[in-house]
Amino acid sequence: MIIYGWKATHIKSQTAPNLTCANCNEKGKTFFSVFSKHVHIFWIPIFPYGKTGASQCEHCNVVYEKGQMPAEYLQEYERVKAEAKTPVWKYAGLIIIAALALYFY
């Protein structure tokens, strides 16, 4: 039995100091979180296949997924997402497969 699937793990969070919350109008309380999605086999990540994220207000705790974000949030979200780099350990499965291929070659 092979256990496989996909998972998203947190890679970066950043507060937007100039952004006003669309729900409670508090300035500087909104932060963005970026998650990296990857495919895994036996809980070993094989390769990443994308990033997703959300925003949350620390004052009123309202959460916006990417599809629900107001227009002014999307620009800040895309900036934070571009700065978030995928960690090397997300390629652990590919590295193991390459090492085994070289060993048996």
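Buried here means under 20% relative accessible area, exposed means over 50%, and partly exposed is in between (1.4 Å probe, protein chains only).

**View 1. The whole chain, in a predicted model.** Of the 105 residues of the protein, 30% count as buried. Local features need pLDDT of at least 70 and side-chain atom pairs pLDDT 80 or more, while totals for chains, interfaces and linings use all residues. Numbering runs from 1 along each chain as its sequence is written, and side-chain values use heavy atoms, with hydrogens and water left out.

**View 2. The fold, read along the sequence as β-β-β-β-α-α.** That comes to 2 helices and 4 strands (DSSP runs numbered from the N terminus: H or I of at least four residues, E of at least two). The radius of gyration is 18 Å, well over the 13 Å from the globule rule for 105 residues, so the protein is more spread out than a compact globule (C-alpha atoms; the rule is 2.2 Å times the number of residues to the power 0.38). The C-alpha trace spans about 60 × 30 × 20 Å along its principal axes.

**View 3. A nonpolar patch on the surface.** Its members include Tyr4, Trp43 and Phe104, and the patch has about 1,100 Å² of accessible area together (Shrake-Rupley, 1.4 Å probe, only the protein chains shown as cover for residues). Helix α2 (residues 92-104) gives the most, with 4 residues.

**View 4. Phe42, in the loop between β2 (30-41) and β3 (44-57).** Phe42 belongs to the nonpolar patch and counts as partly exposed because its relative accessibility is 41%.

How values were computed. Patch = residues over 30% accessible without salt bridge, like charges linked within 9 Å, V, L, I, M, F, W, Y side chains within 5 Å. Salt bridge = Lys/Arg side-chain N within 4 Å of Asp/Glu carboxyl O.
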